[in-house]
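Student: Hey, could you walk me through this one? I'd like to start with the strands and then get to the side chains.

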Amino acid sequence: MDKKITATLIPGDGIGPEVTAATVRALDALGSPFEWDTQYAGMAGVDHCGDPVPQQTLDSIRRNGLALKGPLTTPVGAGFRSANVRMREEFKLYANVRPVRTIIPGRYEDIDIVLIRENIEGLYVAHEHFIPVGDDPRAVAVSTGINTRDGARRIARFAFDYALKHGRKKVTIVHKANVLKALTGIFLEAGREVAKEYEGRVAVDDRIVDACAMQLVLNPWQFDMLLCTNLFGDILSDELAGLVGGLGLAPGANIGKDAAIFEAVHGSAPDIAGKGLANPISLLLAAGLMLEHVGKPELADRLRNGIQQTLMEDQVKTRDLGGTASTDEFTAALVKRLA
Ligand code: NAI
Ligand code: MG
């Protein structure tokens, strides 16, 4: 029996506890190496510890360097700052990895694209302010984006290393360097520079973001990996999720030097929370990324195959995918496939 790997488990808010419970059950059936250290964050953090990002949760992630996280509710407008953003900053999780693959054939078949998003720079630093003019205190809005050469090189290197490790052939750098010549120009320049180190092993090209968005609809098969700044990556990763069937099927990994947090792309879905309707596949796929991250790709493959068989051969699907199964029914069917 392999040595256990301790990882932080954050059930999260809304449907979070339902999809994390399903994922833990499936991982147990799979014989995964993880041993869970359960911690709270988000609204659950406030309820249990009086803080959306409790110190003991941060300590646990720092200790383990590895976490599986359910979605966290962020109050809109007033209230605390996004717990997700705080954790990304705290652990300098500079790389957001969002792979999409066709599981259920539908509009697009055979999609297999990995988007790498820079996770802490760009316009998301949100250095914003208003300038008053006359009697209007908010007459002008100013936002400053920040991309550093080091940050751009770091994420480019991450993307090309990922390509080598996962047998990918091409990285497309996404930018708007024709207009945002400094902010996204530096990103393109650093990306091309890093690409030279991988010449002959991983191909590189680039696209202006708007053209890329259109090309993703017309001919997504031309893309292998996309390397994006923070904002463009946020937008295009949702477009990618749309190509393969929506939020219920989209996993993400937030990766830094010393820690990695795996999560679903979707939120806490308050409209269906506690009803047993949630599709756990996004978080299950995120757990698959986590297995790859700790060097267990064969377990990740088995998990993905099990999901595919449950959906396509057993025809057990949750409501968002046109089925009638509850979270528990889907999970039970998956566990049968994995056992
Ligand atoms: P959402 O992703 O929670 O829900 C959007 C729609 O998709 C809803 O109709 C929901 O029922 C459905 N949906 C989402 N996940 C599903 C699943 N696994 N199975 C079936 N249906 C699913 O986005 P929304 O409503 O904008 O945000 C709700 C809360 O989640 C907010 O507080 C937001 O800040 C937070 N959020 C947290 C994220 C995170 O922790 N990484 C990411 C996105 C949002
Ligand atoms: Mg987004």
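**Strands, rings and charges**

Tutor: E11 and E12 form a hairpin, with 4 residues between them. Before we go on, this is a predicted model: local features need pLDDT of at least 70, side-chain atom pairs count only at pLDDT 80 or more, and totals for chains, interfaces and linings use all residues. Residues are numbered from 1 along each chain as its sequence is written, and side-chain values use heavy atoms, with hydrogens and water left out.

Student: OK, in what sense do E11 and E12 pair, and over how many bridges?

Tutor: Antiparallel, over 5 bridges, with E11 covering residues 251-255 and E12 residues 260-264. Ala253 has Phe262 in E12 as its bridge partner. Strands here are DSSP runs (E, at least two residues; helices are H or I, at least four), numbered from the N terminus, and two strands pair if DSSP finds at least two bridges between them.

Student: Which residues of E11 are buried on each side?

Tutor: Pro251, Ala253 and Ile255 are buried on one side, and Gly252 and Asn254 on the other. That makes 5 of the 5 residues in E11 buried. Buried means under 20% relative accessible area, exposed means over 50%, and partly exposed is in between (1.4 Å probe, protein chains only).

Student: And how many bridges does E11 make with E4?

Tutor: E4 and E11 pair over 3 bridges, again antiparallel. Ala95 has Ile255 in E11 as its bridge partner.

Student: Switching to E6 and E7, what's in the turn of that hairpin?

Tutor: There are 2 residues between E6 and E7, and Gly134 in the turn has a positive phi of about 60°.

Student: Now the rings. How many aromatic pairs are there?

Tutor: The structure holds 5 of them. One is Phe34 with Trp36: the centres are 5.5 Å apart and the planes are at 45°, so the pair is tilted. The rule is that rings of Phe, Tyr and Trp (its six-membered ring) pair if their centres lie within 6.5 Å; planes under 30 degrees apart count as stacked, over 60 as edge-to-face, and the rest as tilted. Phe34 is buried at 4% relative accessibility, while Trp36 is partly exposed at 21%. Tyr108 and Trp221 also make a tilted pair, 5.9 Å centre to centre with 55° between the planes.

Student: How far apart in sequence are the parts tied together by Tyr108 and Trp221?

Tutor: 113 residues: Tyr108 lies in the loop between E4 and E5, and Trp221 in the loop between H7 and E10.

Student: Which Arg sits over the ring of Tyr94?

Tutor: Arg154, with its charged end 4.4 Å from the ring centre. The cut-offs are NZ of Lys or CZ of Arg within 6 Å of the ring centre and within 35 degrees of the ring normal. Tyr94 also forms an aromatic cluster with Phe158 and Tyr162.

Student: Last topic, how many salt bridges?

Tutor: The count comes to 21 salt bridges, taking a side-chain nitrogen of Lys or Arg within 4 Å of a carboxyl oxygen of Asp or Glu. Arg168 and Asp112 make one of them at 2.5 Å, N to O. Arg168 is in the loop between H5 and E8 and Asp112 is in E5, so the pair ties together parts 56 residues apart in sequence.

Student: Which residues are in a network with those two?

Tutor: Arg101 and Asp224 are linked with Arg168 and Asp112 in a network of salt bridges.

How values were computed:
Chains are lettered from A and ligands numbered from 1 in the order in which they are written.
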